[in-house]
Amino acid sequence: MSIEPEAPVMPFGALEPPYYAVVFTTVRTEDQSGYRETNARMEELVKNVPGYLGLDHAQNPGGLGITVAYFRDADALTEWRTNLEHRAAQKRGRAEWYQSYSLHVAKVERSSGFVRARTAGSGSPGDTE
């Protein structure tokens, strides 16, 4: 058990449009051998793409996973889509890790967000109690 406080769960923040959102929705197979390592490597690689902004990810107990990656422009998307290591991971994903998936690319024209103000005693990071 860690004594470190857990990072708050928050969505990736609103950005100044326009930018692109790539929505990758998956159902995985039972055999996930090597998936974690490959996923960690892809997250490391995408951070080096100029124009990569961040991502959100969620997985429900039934196995549906949704990852939304954000990119500043189409050039950033192209660089990520054509990265050779990423292409090899995609191929392995289709062969081993995904029962099904869908991919949607959208140009975001409007973006907003909300974060509830922290209150004293909430136990949130930054509290002074």
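Strands β2 (residues 52–59) and β3 (residues 64–71) run antiparallel and are joined by seven bridges; strands are DSSP runs of E with at least two residues, helices are runs of H or I with at least four, and both are numbered from the N terminus. Two strands count as paired if DSSP finds at least two bridges between them. This is a predicted model, in which local features need pLDDT of at least 70 and side-chain atom pairs count only at pLDDT 80 or more, while totals for chains, interfaces and linings use all residues. Residues are numbered from 1 along each chain as its sequence is written, and side-chain values use heavy atoms, with hydrogens and water left out.

Within this pairing, L55 has A69 of β3 as its bridge partner. Four residues separate β2 from β3 in the hairpin, and G63 in the turn has a positive phi of about 105°.

Helix α1 (residues 35–46) contains Y35, T38, M42, L45 and V46 as buried residues, buried being under 20% relative accessible area, exposed over 50% and partly exposed in between (1.4 Å probe, protein chains only). These buried residues line one face of α1 because they fall within an arc of 95° seen down its axis, the arc being that of the directions from the helix axis to the C-beta atoms. They pack against β1 (19–28), β2, β3, α2 (74–82), α3 (84–97) and β4. The face turned away from the buried side of α1 carries the exposed residues R36 and E37.

Q99 lies in strand β4 (residues 98–108) and counts as exposed because its relative accessibility is 58%. Leaving aside neighbours within four places in sequence, Q99 is in contact (heavy atoms within 4.5 Å) with V27, R28 and T29.
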